[in-house]
Amino acid sequence: MNDHLLQLSPEPVWRHFRTLCNTPRSSGHEAKLIDTLQRWADDNGLTHDRDSYGNLRIRKAASPGCEAVPGVILQGHLDMVTQANSDHPHDFLNDPLDTYVEDGWLHARGTTLGADNGLGVAAALAILEADDIDHGPIEALFTLEEETSLQGALSLDENWLEGRYLLNLDSEDRGEVYIGCAGGADVVVDADLPMRGCDEEEVMRRISLTGLVGGHSGADIHKERGNANQLLVRALRGLGEFEIRLVGYQGGTLRNALPREAFATIVVDEHHLPAVEQALADLQALYREELAGVDDDVTLSLSPAAVSCEDVDALTDTATQLLVSALHAAPYGVERMSVEVPGVVETSNNLGVVSLEKGRFHLCALVRSLRDSATRNLADRFTALFGLIGAQTRVENVYPGWTPSADSTLLTRFRRLHQEQLGSDPAVKVIHAGLECGIIGGKYPQLEMISFGPVIRGAHSPTERTELASVEEFWKVLKALVADIASGKAA
(Lines give C-alpha, C1' and ligand atoms only; values in the text may rest on other atoms or scores of the structure.)
Protein backbone atom coordinates (compact mmCIF):
# COMPACT_ATOMS: atom_id res chain seq x y z
CA MET A 1 0.00 0.00 0.00
CA ASN A 2 1.17 3.56 -0.76
CA ASP A 3 4.04 2.31 -2.95
CA HIS A 4 3.92 5.54 -4.96
CA LEU A 5 5.58 7.28 -1.99
CA LEU A 6 8.79 5.41 -2.81
CA GLN A 7 9.07 7.46 -6.00
CA LEU A 8 9.16 10.77 -4.15
CA SER A 9 12.21 12.71 -2.98
CA PRO A 10 13.86 12.70 -0.48
CA GLU A 11 13.52 8.93 -0.75
CA PRO A 12 14.54 8.02 2.86
CA VAL A 13 11.91 10.33 4.38
CA TRP A 14 9.10 9.13 2.14
CA ARG A 15 10.05 5.49 2.60
CA HIS A 16 9.70 5.84 6.35
CA PHE A 17 6.51 7.87 5.96
CA ARG A 18 5.10 5.01 3.89
CA THR A 19 5.66 2.73 6.90
CA LEU A 20 3.74 5.18 9.07
CA CYS A 21 0.87 5.42 6.56
CA ASN A 22 0.63 1.62 6.42
CA THR A 23 0.73 1.17 10.22
CA PRO A 24 -2.36 2.33 12.16
CA ARG A 25 -1.27 4.68 14.95
CA SER A 26 -4.19 6.39 16.62
CA SER A 27 -3.55 7.83 20.07
CA GLY A 28 -3.32 5.08 22.66
CA HIS A 29 -2.79 2.47 19.95
CA GLU A 30 0.83 3.07 18.98
CA ALA A 31 2.05 -0.40 20.04
CA LYS A 32 2.11 -1.88 16.53
CA LEU A 33 4.18 1.02 15.22
CA ILE A 34 6.57 0.81 18.18
CA ASP A 35 7.15 -2.88 17.49
CA THR A 36 7.87 -2.06 13.85
CA LEU A 37 10.35 0.67 14.76
CA GLN A 38 12.14 -1.46 17.33
CA ARG A 39 12.62 -4.23 14.78
CA TRP A 40 13.91 -1.66 12.30
CA ALA A 41 16.37 -0.34 14.91
CA ASP A 42 17.64 -3.87 15.59
CA ASP A 43 18.11 -4.51 11.89
CA ASN A 44 20.15 -1.30 11.56
CA GLY A 45 22.37 -1.85 14.60
CA LEU A 46 20.76 0.93 16.64
CA THR A 47 20.00 0.74 20.34
CA HIS A 48 16.54 1.45 21.70
CA ASP A 49 14.76 1.65 25.03
CA ARG A 50 11.52 2.92 26.53
CA ASP A 51 10.79 4.98 29.60
CA SER A 52 8.31 4.05 32.31
CA TYR A 53 5.36 5.41 30.31
CA GLY A 54 6.36 3.70 27.07
CA ASN A 55 7.90 6.58 25.12
CA LEU A 56 10.43 5.20 22.65
CA ARG A 57 14.05 6.29 22.29
CA ILE A 58 16.33 5.09 19.47
CA ARG A 59 20.00 6.02 19.77
CA LYS A 60 22.87 6.23 17.34
CA ALA A 61 26.47 6.58 18.46
CA ALA A 62 28.50 9.57 17.30
CA SER A 63 30.53 9.46 14.12
CA PRO A 64 34.25 8.76 14.72
CA GLY A 65 35.87 11.90 16.05
CA CYS A 66 32.55 13.46 17.07
CA GLU A 67 32.11 11.68 20.40
CA ALA A 68 32.60 14.88 22.41
CA VAL A 69 30.10 16.90 20.37
CA PRO A 70 26.93 17.90 22.29
CA GLY A 71 24.16 15.38 21.68
CA VAL A 72 21.11 16.10 19.53
CA ILE A 73 17.59 14.89 20.36
CA LEU A 74 15.26 14.55 17.36
CA GLN A 75 11.75 14.65 18.78
CA GLY A 76 8.29 13.87 17.41
CA HIS A 77 5.12 12.06 18.40
CA LEU A 78 4.02 8.71 17.00
CA ASP A 79 0.25 9.16 17.10
CA MET A 80 -1.96 10.97 14.60
CA VAL A 81 -5.36 12.61 14.65
CA THR A 82 -7.93 10.16 13.28
CA GLN A 83 -10.60 12.11 11.45
CA ALA A 84 -12.63 10.82 8.50
CA ASN A 85 -15.46 12.33 6.50
CA SER A 86 -18.84 10.91 7.52
CA ASP A 87 -19.29 9.44 4.04
CA HIS A 88 -15.90 7.73 4.09
CA PRO A 89 -15.81 4.75 6.51
CA HIS A 90 -12.31 4.05 7.75
CA ASP A 91 -11.09 1.75 10.52
CA PHE A 92 -8.18 3.65 12.05
CA LEU A 93 -7.23 0.67 14.21
CA ASN A 94 -6.66 -1.64 11.24
CA ASP A 95 -6.73 0.10 7.87
CA PRO A 96 -3.76 1.78 6.19
CA LEU A 97 -4.18 5.30 4.89
CA ASP A 98 -4.82 5.76 1.16
CA THR A 99 -2.54 8.54 -0.06
CA TYR A 100 -2.29 10.30 -3.41
CA VAL A 101 -0.42 13.22 -4.99
CA GLU A 102 -2.20 16.11 -6.63
CA ASP A 103 -0.67 19.37 -7.87
CA GLY A 104 2.47 18.98 -5.78
CA TRP A 105 0.67 18.08 -2.56
CA LEU A 106 0.21 14.75 -0.79
CA HIS A 107 -3.31 13.96 0.48
CA ALA A 108 -5.21 11.02 1.98
CA ARG A 109 -8.58 9.98 0.58
CA GLY A 110 -11.33 10.92 3.00
CA THR A 111 -9.15 10.95 6.13
CA THR A 112 -6.43 12.82 7.91
CA LEU A 113 -2.99 12.25 6.37
CA GLY A 114 -0.92 11.95 9.53
CA ALA A 115 1.77 14.27 8.20
CA ASP A 116 1.32 15.78 11.66
CA ASN A 117 3.66 14.41 13.03
CA GLY A 118 4.46 11.49 10.74
CA LEU A 119 6.81 13.53 8.57
CA GLY A 120 8.82 14.60 11.60
CA VAL A 121 9.10 10.98 12.76
CA ALA A 122 10.05 9.86 9.24
CA ALA A 123 12.77 12.54 9.00
CA ALA A 124 14.22 11.48 12.37
CA LEU A 125 14.35 7.87 11.20
CA ALA A 126 16.03 8.95 7.98
CA ILE A 127 18.71 10.80 9.96
CA LEU A 128 19.28 7.71 12.09
CA GLU A 129 19.96 5.54 9.05
CA ALA A 130 21.97 8.08 7.04
CA ASP A 131 25.61 7.19 6.47
CA ASP A 132 26.62 10.43 4.74
CA ILE A 133 26.26 12.82 7.70
CA ASP A 134 28.90 13.40 10.38
CA HIS A 135 27.07 13.72 13.68
CA GLY A 136 27.43 13.68 17.41
CA PRO A 137 25.39 11.36 19.65
CA ILE A 138 21.81 11.21 18.40
CA GLU A 139 18.69 10.33 20.35
CA ALA A 140 15.37 10.07 18.53
CA LEU A 141 12.58 10.55 21.06
CA PHE A 142 9.15 9.38 19.94
CA THR A 143 6.38 10.26 22.37
CA LEU A 144 2.89 8.80 22.80
CA GLU A 145 -0.64 10.23 22.87
CA GLU A 146 0.31 13.77 21.95
CA GLU A 147 -2.87 14.41 20.02
CA THR A 148 -5.31 13.40 22.74
CA SER A 149 -3.63 14.39 25.99
CA LEU A 150 0.11 15.09 25.60
CA GLN A 151 0.40 12.30 28.13
CA GLY A 152 3.60 10.87 26.66
CA ALA A 153 5.46 14.14 27.20
CA LEU A 154 3.74 14.80 30.53
CA SER A 155 4.85 11.37 31.79
CA LEU A 156 8.34 11.50 30.27
CA ASP A 157 10.97 10.14 32.66
CA GLU A 158 13.39 12.66 34.09
CA ASN A 159 17.15 11.99 34.01
CA TRP A 160 16.68 9.80 30.92
CA LEU A 161 17.59 11.96 27.95
CA GLU A 162 21.25 12.92 27.50
CA GLY A 163 21.40 15.45 24.66
CA ARG A 164 21.93 19.19 24.84
CA TYR A 165 19.92 20.30 21.82
CA LEU A 166 16.33 19.27 21.08
CA LEU A 167 14.96 19.60 17.55
CA ASN A 168 11.18 19.31 17.68
CA LEU A 169 10.05 18.33 14.16
CA ASP A 170 6.37 19.13 14.65
CA SER A 171 5.86 22.55 13.02
CA GLU A 172 3.94 23.18 9.81
CA ASP A 173 5.19 26.18 7.84
CA ARG A 174 7.95 26.93 5.36
CA GLY A 175 10.55 29.47 6.38
CA GLU A 176 9.54 29.53 10.04
CA VAL A 177 11.17 28.38 13.25
CA TYR A 178 9.30 28.26 16.53
CA ILE A 179 10.82 29.19 19.88
CA GLY A 180 7.72 29.29 22.09
CA CYS A 181 4.21 27.87 22.38
CA ALA A 182 1.03 28.03 24.41
CA GLY A 183 0.27 25.87 27.40
CA GLY A 184 -3.16 24.45 28.00
CA ALA A 185 -5.60 22.25 29.84
CA ASP A 186 -8.56 19.97 29.15
CA VAL A 187 -11.82 21.06 30.73
CA VAL A 188 -14.20 18.12 31.23
CA VAL A 189 -17.84 18.65 32.19
CA ASP A 190 -20.30 15.89 33.11
CA ALA A 191 -23.88 15.92 34.33
CA ASP A 192 -26.86 13.60 34.69
CA LEU A 193 -29.93 15.53 33.56
CA PRO A 194 -33.61 14.77 34.24
CA MET A 195 -35.73 13.18 31.51
CA ARG A 196 -39.36 12.33 30.83
CA GLY A 197 -41.35 10.53 28.16
CA CYS A 198 -42.72 12.07 25.00
CA ASP A 199 -46.07 13.77 24.79
CA GLU A 200 -48.68 12.39 22.40
CA GLU A 201 -48.29 15.20 19.87
CA GLU A 202 -44.49 15.18 19.86
CA VAL A 203 -42.39 13.71 17.04
CA MET A 204 -38.68 13.05 16.87
CA ARG A 205 -36.30 14.67 14.40
CA ARG A 206 -32.55 14.89 13.80
CA ILE A 207 -30.83 18.21 13.16
CA SER A 208 -27.47 18.04 11.38
CA LEU A 209 -24.81 20.73 11.12
CA THR A 210 -22.26 19.67 8.49
CA GLY A 211 -19.98 21.01 5.77
CA LEU A 212 -17.44 22.90 7.87
CA VAL A 213 -13.71 22.92 7.10
CA GLY A 214 -12.53 22.23 10.65
CA GLY A 215 -8.83 22.34 11.44
CA HIS A 216 -6.33 22.57 14.27
CA SER A 217 -7.75 24.07 17.43
CA GLY A 218 -4.55 26.03 18.08
CA ALA A 219 -2.99 26.90 14.74
CA ASP A 220 -6.36 27.61 13.05
CA ILE A 221 -8.35 29.07 15.96
CA HIS A 222 -7.87 32.66 14.74
CA LYS A 223 -9.09 32.00 11.20
CA GLU A 224 -12.76 32.56 12.10
CA ARG A 225 -13.81 29.11 10.93
CA GLY A 226 -17.14 27.80 12.14
CA ASN A 227 -17.36 25.56 15.19
CA ALA A 228 -20.07 22.94 14.62
CA ASN A 229 -20.96 22.73 18.30
CA GLN A 230 -21.32 26.46 18.70
CA LEU A 231 -23.37 26.80 15.52
CA LEU A 232 -25.71 23.91 16.29
CA VAL A 233 -26.26 25.07 19.86
CA ARG A 234 -27.03 28.52 18.47
CA ALA A 235 -29.66 26.89 16.25
CA LEU A 236 -31.14 24.98 19.19
CA ARG A 237 -31.30 28.20 21.15
CA GLY A 238 -33.13 29.82 18.25
CA LEU A 239 -35.68 26.97 18.20
CA GLY A 240 -36.53 27.49 21.84
CA GLU A 241 -39.80 29.23 20.97
CA PHE A 242 -41.04 25.90 19.55
CA GLU A 243 -40.50 24.15 22.91
CA ILE A 244 -38.13 21.53 21.54
CA ARG A 245 -36.59 19.02 23.95
CA LEU A 246 -33.24 17.31 23.54
CA VAL A 247 -33.00 13.55 23.26
CA GLY A 248 -29.36 13.22 22.18
CA TYR A 249 -26.41 15.16 20.88
CA GLN A 250 -23.05 14.37 19.31
CA GLY A 251 -20.65 17.03 18.13
CA GLY A 252 -16.92 16.83 17.47
CA THR A 253 -14.62 13.89 18.10
CA LEU A 254 -11.40 15.44 19.45
CA ARG A 255 -10.85 18.28 21.87
CA ASN A 256 -7.97 19.63 19.75
CA ALA A 257 -9.75 19.59 16.38
CA LEU A 258 -12.24 22.28 15.40
CA PRO A 259 -15.51 20.30 15.20
CA ARG A 260 -16.73 20.00 11.62
CA GLU A 261 -20.05 18.25 12.28
CA ALA A 262 -22.65 18.09 15.04
CA PHE A 263 -25.98 16.30 15.34
CA ALA A 264 -28.89 16.80 17.73
CA THR A 265 -31.95 14.61 18.17
CA ILE A 266 -35.00 16.50 19.40
CA VAL A 267 -38.68 16.04 20.06
CA VAL A 268 -41.06 18.78 19.00
CA ASP A 269 -44.79 19.26 18.62
CA GLU A 270 -45.68 17.96 15.18
CA HIS A 271 -47.62 21.14 14.41
CA HIS A 272 -44.39 23.16 14.73
CA LEU A 273 -42.46 21.16 12.13
CA PRO A 274 -43.03 23.52 9.16
CA ALA A 275 -41.91 26.48 11.25
CA VAL A 276 -38.87 24.57 12.52
CA GLU A 277 -37.84 23.65 8.97
CA GLN A 278 -38.21 27.25 7.85
CA ALA A 279 -36.24 28.54 10.85
CA LEU A 280 -33.37 26.16 10.06
CA ALA A 281 -33.38 27.15 6.39
CA ASP A 282 -33.23 30.81 7.36
CA LEU A 283 -30.42 30.13 9.80
CA GLN A 284 -28.43 28.18 7.21
CA ALA A 285 -28.64 31.17 4.88
CA LEU A 286 -27.48 33.41 7.72
CA TYR A 287 -24.56 31.10 8.57
CA ARG A 288 -23.44 31.04 4.94
CA GLU A 289 -23.53 34.82 4.88
CA GLU A 290 -21.58 35.12 8.13
CA LEU A 291 -19.02 32.47 7.16
CA ALA A 292 -18.63 33.46 3.50
CA GLY A 293 -15.11 32.83 2.28
CA VAL A 294 -14.34 30.63 5.28
CA ASP A 295 -17.00 27.92 5.52
CA ASP A 296 -19.15 28.41 2.43
CA ASP A 297 -20.62 24.89 2.53
CA VAL A 298 -22.06 24.99 6.04
CA THR A 299 -25.32 23.02 5.95
CA LEU A 300 -28.13 22.84 8.50
CA SER A 301 -30.77 20.17 7.85
CA LEU A 302 -33.71 18.40 9.47
CA SER A 303 -34.44 14.71 8.93
CA PRO A 304 -36.45 11.87 10.51
CA ALA A 305 -34.79 10.25 13.51
CA ALA A 306 -33.74 6.62 13.55
CA VAL A 307 -36.15 5.76 16.39
CA SER A 308 -39.61 6.89 17.41
CA CYS A 309 -40.77 8.85 20.42
CA GLU A 310 -42.28 5.75 21.98
CA ASP A 311 -38.83 4.18 22.36
CA VAL A 312 -36.93 6.97 24.15
CA ASP A 313 -37.17 9.69 26.74
CA ALA A 314 -36.12 13.31 26.25
CA LEU A 315 -34.74 15.91 28.63
CA THR A 316 -37.33 17.86 30.52
CA ASP A 317 -38.20 21.32 29.25
CA THR A 318 -36.17 22.98 32.01
CA ALA A 319 -33.14 20.72 31.56
CA THR A 320 -33.14 21.38 27.82
CA GLN A 321 -33.31 25.13 28.33
CA LEU A 322 -30.55 25.16 30.96
CA LEU A 323 -28.20 22.95 28.97
CA VAL A 324 -28.66 24.82 25.70
CA SER A 325 -28.26 28.17 27.48
CA ALA A 326 -25.06 27.08 29.24
CA LEU A 327 -23.54 25.76 26.00
CA HIS A 328 -24.57 28.92 24.17
CA ALA A 329 -22.84 31.04 26.82
CA ALA A 330 -19.68 28.92 26.98
CA PRO A 331 -16.46 30.59 25.82
CA TYR A 332 -15.17 29.49 22.43
CA GLY A 333 -12.64 30.73 19.91
CA VAL A 334 -10.12 33.50 20.50
CA GLU A 335 -10.39 35.02 23.95
CA ARG A 336 -7.47 37.46 23.77
CA MET A 337 -4.63 38.37 21.42
CA SER A 338 -1.11 38.72 22.77
CA VAL A 339 0.28 42.18 23.44
CA GLU A 340 3.86 40.96 23.88
CA VAL A 341 3.86 38.90 20.65
CA PRO A 342 1.79 40.87 18.11
CA GLY A 343 -0.34 38.82 15.76
CA VAL A 344 -0.32 35.74 18.01
CA VAL A 345 -3.34 34.48 19.93
CA GLU A 346 -2.74 34.64 23.67
CA THR A 347 -5.78 32.77 25.02
CA SER A 348 -8.44 30.63 23.34
CA ASN A 349 -10.83 27.78 23.85
CA ASN A 350 -12.07 25.04 21.54
CA LEU A 351 -15.54 23.70 22.32
CA GLY A 352 -14.32 20.38 21.01
CA VAL A 353 -16.48 17.42 22.05
CA VAL A 354 -20.09 17.58 23.24
CA SER A 355 -22.40 14.61 23.76
CA LEU A 356 -25.74 13.75 25.34
CA GLU A 357 -27.00 10.19 25.61
CA LYS A 358 -29.78 8.93 27.86
CA GLY A 359 -29.57 12.06 29.98
CA ARG A 360 -25.80 11.86 30.44
CA PHE A 361 -24.15 15.10 29.29
CA HIS A 362 -20.43 15.27 28.54
CA LEU A 363 -18.22 18.08 27.28
CA CYS A 364 -14.47 18.26 26.68
CA ALA A 365 -12.98 21.63 25.82
CA LEU A 366 -9.33 22.57 25.29
CA VAL A 367 -8.16 25.86 26.79
CA ARG A 368 -4.85 27.28 25.56
CA SER A 369 -2.84 30.33 26.57
CA LEU A 370 0.64 31.79 26.49
CA ARG A 371 -0.08 32.70 30.12
CA ASP A 372 -0.63 29.87 32.58
CA SER A 373 -2.75 32.20 34.73
CA ALA A 374 -5.10 32.83 31.79
CA THR A 375 -5.43 29.07 31.22
CA ARG A 376 -6.49 28.63 34.84
CA ASN A 377 -8.92 31.54 34.68
CA LEU A 378 -10.68 30.42 31.51
CA ALA A 379 -10.97 26.88 32.86
CA ASP A 380 -12.49 28.28 36.04
CA ARG A 381 -15.11 30.14 34.00
CA PHE A 382 -16.31 26.76 32.72
CA THR A 383 -16.51 25.49 36.29
CA ALA A 384 -18.56 28.53 37.32
CA LEU A 385 -20.85 28.42 34.30
CA PHE A 386 -21.71 24.74 34.28
CA GLY A 387 -21.94 24.69 38.05
CA LEU A 388 -25.10 26.76 37.58
CA ILE A 389 -26.81 23.75 35.98
CA GLY A 390 -25.47 21.30 38.54
CA ALA A 391 -22.71 19.84 36.37
CA GLN A 392 -19.37 18.61 37.68
CA THR A 393 -16.26 20.12 36.09
CA ARG A 394 -12.66 18.93 36.32
CA VAL A 395 -9.48 20.29 34.77
CA GLU A 396 -7.09 17.66 33.42
CA ASN A 397 -3.82 17.28 31.49
CA VAL A 398 -2.56 20.72 32.41
CA TYR A 399 0.69 21.50 30.61
CA PRO A 400 2.91 24.59 30.69
CA GLY A 401 3.81 26.86 27.83
CA TRP A 402 7.28 27.15 26.29
CA THR A 403 8.89 30.47 27.16
CA PRO A 404 10.69 31.97 24.13
CA SER A 405 14.48 32.39 24.17
CA ALA A 406 15.43 34.57 21.23
CA ASP A 407 19.17 34.57 22.02
CA SER A 408 19.83 30.79 22.06
CA THR A 409 22.89 29.56 20.18
CA LEU A 410 20.78 26.82 18.58
CA LEU A 411 18.44 29.42 17.06
CA THR A 412 21.41 31.47 15.83
CA ARG A 413 22.87 28.37 14.18
CA PHE A 414 19.55 27.44 12.57
CA ARG A 415 19.07 30.93 11.13
CA ARG A 416 22.55 30.89 9.57
CA LEU A 417 22.03 27.47 8.03
CA HIS A 418 18.57 28.34 6.74
CA GLN A 419 20.09 31.31 4.93
CA GLU A 420 22.94 29.18 3.54
CA GLN A 421 20.75 26.28 2.42
CA LEU A 422 17.57 28.02 1.24
CA GLY A 423 18.66 31.61 0.68
CA SER A 424 16.32 33.23 3.20
CA ASP A 425 16.22 34.14 6.86
CA PRO A 426 13.50 32.21 8.69
CA ALA A 427 10.74 34.00 10.54
CA VAL A 428 11.06 33.42 14.29
CA LYS A 429 7.65 32.52 15.68
CA VAL A 430 5.66 31.70 18.78
CA ILE A 431 2.74 29.34 18.11
CA HIS A 432 -0.66 29.14 19.75
CA ALA A 433 -0.57 25.36 19.96
CA GLY A 434 0.63 22.75 22.41
CA LEU A 435 4.06 21.71 21.20
CA GLU A 436 5.69 19.22 23.52
CA CYS A 437 8.71 21.49 23.97
CA GLY A 438 7.25 23.30 26.95
CA ILE A 439 6.58 20.07 28.81
CA ILE A 440 9.94 18.50 27.94
CA GLY A 441 11.75 21.73 28.77
CA GLY A 442 10.16 21.73 32.20
CA LYS A 443 11.70 18.32 32.86
CA TYR A 444 15.01 19.11 31.14
CA PRO A 445 15.64 22.85 31.70
CA GLN A 446 19.20 22.60 30.33
CA LEU A 447 17.95 21.86 26.81
CA GLU A 448 18.10 24.40 24.01
CA MET A 449 15.10 23.82 21.73
CA ILE A 450 13.64 24.89 18.42
CA SER A 451 10.76 23.54 16.34
CA PHE A 452 10.51 23.44 12.55
CA GLY A 453 8.98 21.29 9.84
CA PRO A 454 7.53 21.10 6.32
CA VAL A 455 4.39 22.82 5.08
CA ILE A 456 1.23 21.07 6.33
CA ARG A 457 -2.26 22.44 5.75
CA GLY A 458 -5.59 21.29 7.18
CA ALA A 459 -4.00 19.40 10.10
CA HIS A 460 -6.52 17.53 12.27
CA SER A 461 -9.05 17.36 9.43
CA PRO A 462 -9.59 15.20 6.32
CA THR A 463 -8.27 18.09 4.22
CA GLU A 464 -4.81 17.60 5.75
CA ARG A 465 -2.09 17.74 3.09
CA THR A 466 1.63 18.46 2.79
CA GLU A 467 3.57 20.25 0.07
CA LEU A 468 6.15 17.94 -1.48
CA ALA A 469 8.69 20.69 -2.24
CA SER A 470 8.67 21.81 1.39
CA VAL A 471 9.60 18.32 2.55
CA GLU A 472 12.73 18.54 0.39
CA GLU A 473 13.61 21.88 2.00
CA PHE A 474 12.89 20.57 5.51
CA TRP A 475 15.17 17.57 4.96
CA LYS A 476 17.94 19.73 3.52
CA VAL A 477 18.00 22.05 6.54
CA LEU A 478 17.68 19.21 9.07
CA LYS A 479 20.65 17.34 7.61
CA ALA A 480 22.73 20.51 7.52
CA LEU A 481 21.87 21.37 11.13
CA VAL A 482 22.84 17.95 12.49
CA ALA A 483 26.14 18.07 10.57
CA ASP A 484 26.88 21.67 11.55
CA ILE A 485 26.47 20.92 15.26
CA ALA A 486 28.92 18.05 14.87
CA SER A 487 31.43 20.27 13.04
CA GLY A 488 32.25 22.30 16.12
CA LYS A 489 31.73 25.56 14.24
CA ALA A 490 30.60 28.57 16.20
CA ALA A 491 26.88 29.24 15.99
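Author: A search of the whole structure, which is a predicted model, finds five aromatic pairs.

Reader: Why is the pair of Trp-14 and Phe-17 called edge-to-face?

Author: The ring centres of Trp-14 and Phe-17 are 5.8 Å apart, and rings pair if their centres lie within 6.5 Å. Their planes stand at 80°, and planes over 60 degrees apart count as edge-to-face. The pair is therefore edge-to-face.

Reader: Where do Trp-14 and Phe-17 lie, and are they buried or exposed?

Author: Both residues belong to helix H1 (residues 11–22), where they are three residues apart, about one turn of the helix. Trp-14 and Phe-17 are both buried.

Reader: What makes the pair of Phe-361 and Phe-386 stacked?

Author: The planes of Phe-361 and Phe-386 are at 20°, with the centres 6.1 Å apart. Planes under 30 degrees apart count as stacked, so this pair is stacked.

Reader: Which parts of the chain does the pair of Phe-361 and Phe-386 tie together?

Author: Phe-361 lies in strand S20 (residues 360–369), whereas Phe-386 lies in helix H8 (residues 372–387), so the pair ties together parts that are 25 residues apart in sequence. Both Phe-361 and Phe-386 are buried. Ring pairs also link Phe-361, Phe-382 and Phe-386 into a cluster.

Reader: How do you know that the charged end of Arg-465 sits over the ring of Trp-105?

Author: The charged end of Arg-465 is 5.6 Å from the centre of the Trp-105 ring. The distance limit is 6 Å, and the charge must also be within 35 degrees of the ring normal. Arg-465 is found to sit over the ring of Trp-105.

Reader: Which residues does the annotation "domain: Peptidase M20 dimerisation" cover?

Author: According to the unreviewed UniProt entry, this annotation covers residues 208–291. That span is 35% helix and 26% strand, and its end C-alpha atoms lie 17 Å apart.

Reader: How does the reach of helix H6 compare with the expected value?

Author: Helix H6 (residues 273–290) has 18 residues and reaches 25 Å from its first C-alpha to its last, close to the 26 Å expected at 1.5 Å a residue.

Reader: Why are the buried residues of H6 said to line one face of the helix?

Author: The buried residues are Leu-273, Val-276, Leu-280, Leu-283, Gln-284 and Tyr-287. Seen down the axis of H6, they fall within an arc of 110°, so they line one face. On the other side of H6, Pro-274 and Glu-289 are exposed.

Reader: What covers the buried residues of H6?

Author: The covering elements include strand S11 (202–210), helix H5 (228–238), strand S15 (262–269) and strand S16 (299–304).

Methods: Residues numbered from 1 in each chain as written. Predicted model: local features only at pLDDT ≥ 70, side-chain atom pairs only at ≥ 80, totals over all residues. Heavy atoms only, no water. Phe/Tyr/Trp six-rings, centres within 6.5 Å; stacked < 30°, edge-to-face > 60°. Helix = DSSP H or I, 4+ residues; strand = E, 2+ residues; numbered from the N terminus. Buried < 20%, exposed > 50% of the residue type's maximum accessible area, 1.4 Å probe, protein only. UniProt positions renumbered as here; feature names shortened; annotations may be inferred. Expected span 1.5 Å × (residues − 1). Arc of directions from axis to C-beta. Contact = heavy atoms within 4.5 Å.
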